[in-house]
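Try each task before you read its solution.

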Amino acid sequence: VDAEATLTFMSAIKPKQPKQSKRTAPHPASVSLCPPRRPLPPHALVLAPMVGASELAFRLLCRRHGAQLCYTPMMHSSRFASDAAYRAAELCTAQGDGPLVAHFCGNDGATLLAAARLAERASNVVAVDLNLGCSQRSAHSGHYGAFLCADAAGRERVLGMVSTLAHGLSVPVFCKIRLLDEGEAETVAFAQALERAGCALLAVHGRLRGSPMHRRSGPADLAQVAAVKSALAIPVLTNGNVRGAGELLAALAATGADGVMSAEGALDDPA
C-alpha cells in the first residue's frame, strides 16, 4: 500500500477534537442527556443500518476491515418492546461486536422509549438511533422513516420523540435523515431542531425521499450535507456517493463531516 496515501487517509478520518472549555462538565451536545452521561463512540468510519445486510456476521467482517461503529438493521419499536423472541432475533450481538448502535423505526415516543430502554441494556449497545430516512413502501404504509418528516406536523412529532428518548435514556440518541423536499434551508432548520431536541449525532443521506416506488434519482447532494454540518455543533455523518476509499476522502473534503456512513459501498467491498 502506498505510504503517502495511507497517511492521507488516516489523517482525514482522525476524529476531530472538540474545543477546550473551562467547564469541567461535558457539553450536553456531545453526550447523552440522562445521567450517567456517556461519551460518543468513535464515528469516523461507520457501517450503515441495512435490512438483510448489517446483521452480526457482516458487522464483524466490517469491523475486521476498520469499521469503528456499526448499526443494527432497522428494528420495529412496537414489536421490539412487546415480543421477546423478536428482540432476541433482531438484536443479536457477540464479543467483538462493539460499539453498536440499536437502530429503530417508529412513530410513537412512548413505544420507542420502551424499546430503547430494553436495547440500551444489551451488551455492546452504546447508542440508540431513530430512523428518519427510510423511504421504502413499508415506511410509507407504516408512517415512519422519511415519510414521518414529510410535513411540518410530522417533523414536530419527530422532535417530541427525540426529546422523549434523549431525556429517558442513559445512552446517546442518534438520528438519520434525508434531505427535505422543501429545500436546503428547511433541511438545515430541521437538523438544528433535532439538535435542540437532544440528538447527539446526525447522519445525513444526501438524497430526497422520493416516492415509495422510486427512491433514488442521481448522486447525493453533498453540498446540502455540508450546509447541515456547518450549522450544527453535534457530529454529522455524510451518507451517499461513497463506493471506495477515494470517494470517502472526497466526501469528507466536500462536506467537512465528522465521519462517513457507508452502505452499498461496504456491501460491494467491506475492505
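**Exercise 1.** In which sense do strand β6 and β7 pair, and over how many bridges?

*Solution.* Keep in mind that you're looking at a predicted model.
- Start by finding the two strands: β6 covers residues 173–179, and β7 covers residues 201–208.
- Now check the pairing: β6 and β7 run in the parallel sense, joined over 6 bridges.
- For a landmark, look at Cys-175, which sits opposite Leu-202 in β7.

**Exercise 2.** Work out which unit β6, helix α8 and β7 make, and give its hand.

*Solution.* 
- Helix α8 takes up residues 184–197.
- Put together, β6, α8 and β7 form a β-α-β unit, and it is right-handed.

**Exercise 3.** Which residue in β8 stands opposite Val-204? And how many residues of β7 are buried?

*Solution.* 
- Strand β8 is residues 236–239, and it pairs with β7 in the parallel sense over 4 bridges.
- Across from Val-204 you'll find Thr-238 of β8.
- As for burial, 7 of the 8 residues in β7 are buried, so the strand is mostly covered, taking under 20% relative accessible area as the cut-off.

**Exercise 4.** Why is helix α9 described as largely enclosed by the rest of the structure?

*Solution.* 
- Count first: α9 has 10 residues and 7 of them are buried, which is why it's called largely enclosed.
- Next, name them: Leu-222, Gln-224, Val-225, Ala-226, Ala-227, Val-228 and Lys-229.
- Finally, see what these buried residues pack against: β6, α8, β7, β8 and α10.

**Exercise 5.** Are α9 and α10 parallel or oblique to each other?

*Solution.* 
- Locate the pair: α9 is residues 222–231 and α10 is residues 245–255.
- Take the geometry: the helices pack at an angle of about 50°, and their axes are 8 Å apart.
- Roughly parallel would need an angle under 35 degrees, and roughly perpendicular would start at 65, so α9 and α10 come out as oblique.
- Then look at who meets whom: from α9 come Leu-222, Val-225, Ala-226 and Lys-229, and from α10 come Ala-251, Ala-254 and Thr-255.
- Sort the residues of this contact by type and you get 5 nonpolar, 1 polar and 1 charged.

**Exercise 6.** Is Arg-155 buried or exposed?

*Solution.* 
- Arg-155 lies in helix α7, residues 152–168.
- Its relative accessibility is 6%, so Arg-155 counts as buried.
- Setting aside neighbours within four places in sequence, the contacts of Arg-155 include Glu-182, Glu-186 and Phe-190.

Conventions. Residues are numbered from 1 along each chain as its sequence is written. This is a predicted model: local features need pLDDT of at least 70, side-chain atom pairs count only at pLDDT 80 or more; totals for chains, interfaces and linings use all residues. Side-chain values use heavy atoms; hydrogens and water are left out. Buried means under 20% relative accessible area, exposed over 50%, partly exposed in between (1.4 Å probe, protein chains only). Two strands pair if DSSP finds at least two bridges between them. A crossover is right-handed if, with the strands pointing away from the viewer, the path from the first strand over the helix to the second runs clockwise. Axes are lines fitted to C-alpha atoms, for helices over the stretch in contact, and angles run from 0 to 180 degrees between N-to-C directions. Angles under 35 degrees count as roughly parallel, over 145 as roughly antiparallel, 65 to 115 as roughly perpendicular and the rest as oblique. Contact means heavy atoms within 4.5 Å. Ala, Val, Leu, Ile, Met, Phe, Trp, Tyr, Cys and Pro count as nonpolar, Asp, Glu, Lys and Arg as charged, and the others, Gly among them, as polar.
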